[in-house]
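Let's take a look at one strand and its partners, then at a single side chain elsewhere in the chain. Have the viewer open as you read.

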Amino acid sequence: MRRHARLTTHFVAAACAPVLVGGFVSAAEAATAKREAFGALSDGTRIDAVVLTGRNGVSARVITLGATLQALNAPDRAGKVADVTLGYDDAASYIDRPNFWGQTVGRYANRIAGGRFTLDGKQFQLPLNDKTNSLHGGTTGFDKRVWRISDVSEKNGVARVAMTLTSPAGDQGYPGTLAVTVTYMLDDRGALTIDYDARTDAPTIVNMTNHALFNMAGEGQPGALAQRMTIPASRYTPVNAALIPTGALAPVAGTPFDFRTARAIDEVVRDGRDPQIVIGRGIDHNFVLDGGRSAEPKLAVRLEDPGSGRVLEVLTDQPGVQVYTGNFLDGALVGKSGHLYRMGDGVALEPQLFPDTPNQPAFGSARVDPGKPYHHRMIYRVSVAR
């Protein structure tokens, strides 16, 4: 735990663009973790939550259904706190009206073409839950499982919850029994670190991330696409009509995908002159981070709401980040506080391996072997621009 706290503090202290919410706090004022009930599913299955709270006004609620970040509350420049993630107020809706609202997604986040991949000469077939593709682990991925809380603790100024899940061999067509742990850690300076760890007893593929949709003005507020986004990526992966990468690593220069300097998302998501924007109905693409795979998390995305001043920085040790601008939200889902979610009401920022990596060797490898566990560390760092 000491290692986690030290790394998280390093990344918060390193921030230079925004003014951080709050400052140094003593051990007596450290972040807290509190376990509470979060209702039940339609079949009566109990769902628990753990609320991680920092002394600077940032808090996160994580629920056992899907190891989901159900809420991330952050103050604006006037100190007004708002939840900046889309989702539901009750547990049952996450199953009865499914969408991806802050869940842990796996075994393989994003799309696999045809739901097929080959490992050591053997082909494996996954469920097709996205037309001709397998998406986010299949029909019953990690997002729809009830996880077990293995640790709730407060130590070294960091509040923490760890949740575990066992995915048996053959689960959704994937080989190998996978033992998974997701750990959320919140410090007092607005950094929520998420660690994904997995061990297998046979060769398999793994790619895990969080699928929160953010609106830094506050969920249910208009104008998520008016927020300014920065992505340190000189290339992206164009897709075909099925939203599967073509294999190209195309330059962003001169395209709507150039966010190397901050720009409002709304400037590009309606640009029908670009065939990639037409295919995705906006942005639903993987960006190739200039930092590639890294030993420590580096900046992947910065999202700022000019009105409130709230800033979100997403850091990761993975090589890509999928950006999805809520293109398929059509007003059919009623979320928190009775808010009806429409196109562009939230933006997903998903650090991960590239989509369809198991079928595209040029993208690297998603393989995980016995004795060589999977690890992904990502950070949501919240602050305020004054």
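What follows is a short walk through strand β24 and then Asn 73. Keep in mind that this is a predicted model.

**Strand β24**

Start with residues 310-316, which make up strand β24. Seven of the seven residues here are buried, so the strand is largely enclosed by the rest of the structure. Buried here means under 20% relative accessible area. Which residues point which way? Arg 310, Leu 312, Val 314 and Thr 316 point one way from β24, while Val 311, Glu 313 and Leu 315 point the other way. Both sets are buried, and that goes for Arg 310 and Glu 313 too.

Now for the pairing. β24 has an antiparallel partner in β23 and another in β30:

| Partner of β24 | Residues | Bridges | Facing residues |
|---|---|---|---|
| β23 | 298-304 | six bridges | Val 301 opposite Val 314 |
| β30 | 374-384 | seven bridges | Ser 383 opposite Val 311 |

β23 and β24 form a hairpin with five residues between the strands. In that hairpin, Gly 309 takes a positive phi near 85°.

**Asn 73**

Over to another strand: Asn 73 sits in β4, which covers residues 68-75. What does the side chain of Asn 73 have 3.5 Å from one of its polar atoms? That would be the backbone nitrogen of Asp 83. Asp 83 also turns up among the contacts of Asn 73 once neighbours within four places in sequence are set aside.

Key: Residues are numbered from 1 along each chain as its sequence is written. This is a predicted model: local features need pLDDT of at least 70, side-chain atom pairs count only at pLDDT 80 or more; totals for chains, interfaces and linings use all residues. Side-chain values use heavy atoms; hydrogens and water are left out. Buried means under 20% relative accessible area, exposed over 50%, partly exposed in between (1.4 Å probe, protein chains only). Helices (H or I, at least four residues) and strands (E, at least two) are DSSP runs, numbered from the N terminus. Two strands pair if DSSP finds at least two bridges between them. A polar contact is a pair of N or O atoms within 3.5 Å; within protein, one must be able to donate a hydrogen and the other to accept it, and residues adjacent in sequence count only if both atoms are side-chain atoms. Contact means heavy atoms within 4.5 Å.
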